[in-house]
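Colleague: Could you take a close look at one part of this model, the packing between its helices, and describe it in a single connected account? Please state the cut-offs behind each term as you use it.

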Amino acid sequence: MAAQRFLFADVDGFVDDVVHISDALSNLAYLIELDAGNPVLVRQYALQAEQLLQALGSLVQSAEAGACAGSCS
């Protein structure tokens, strides 16, 4: 899974991206539980979850920067 850089563009896009990332994290949590006996798969799922959390962080930072454009010091 290639890491994606999410950038805040508008509120609807932001919500869609957050829902997408949250859904993917939920699915990975399920897969980790399902495949708990297979450390190789669990490690792959954990790496994917880490990438998604990084993407979520980028998205939130982008939204903060957009909200602060011209109004934050």
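**Packing between the helices**

Modeller: Ala-46 is partly exposed, with a relative accessible area of 39% (buried means under 20%, exposed over 50%, and partly exposed in between, with a 1.4 Å probe and protein chains only). The model is predicted, so local features need pLDDT of at least 70 and side-chain atom pairs pLDDT 80 or more, while totals for chains, interfaces and linings use all residues. Residues are numbered from 1 along each chain as its sequence is written, and side-chain values use heavy atoms, leaving out hydrogens and water.

Ala-46 belongs to helix 2. The chain has 2 helices and 0 strands, both taken as DSSP runs numbered from the N terminus (helices H or I, at least four residues; strands E, at least two). Between Ala-46 and Ala-29, 17 residues apart in sequence, the C-alpha to C-alpha distance is 8.7 Å.

Ala-55, also in helix 2, is buried, at a relative accessible area of 4%. Its C-alpha atom lies 8.1 Å from that of Ile-21, 34 residues away along the chain. Both residues belong to the largest nonpolar core, whose 6 members are Ile-21, Leu-28, Tyr-45, Ala-49, Leu-52 and Ala-55. Such a core is a set of buried Ala, Val, Leu, Ile, Met, Phe, Trp, Tyr and Cys residues joined through side-chain atoms within 4.5 Å. Helix 1 (11–34) and helix 2 (39–68) each contribute at least two residues to this core, and the largest share, 4 residues, comes from helix 2.

Across the chain, 63% of the contacts between residues at least 6 apart in sequence join residues at least 24 apart. In soluble globular proteins, nonpolar side chains tend to be buried together.

The chain exposes about 5,100 Å², of which carbon and sulfur atoms supply 58%; the areas come from the Shrake-Rupley method with a 1.4 Å probe, and for residues only the protein chains shown count as cover.

Val-11, in helix 1, is exposed, with a relative accessible area of 56%.

Key
Contact means heavy atoms within 4.5 Å.
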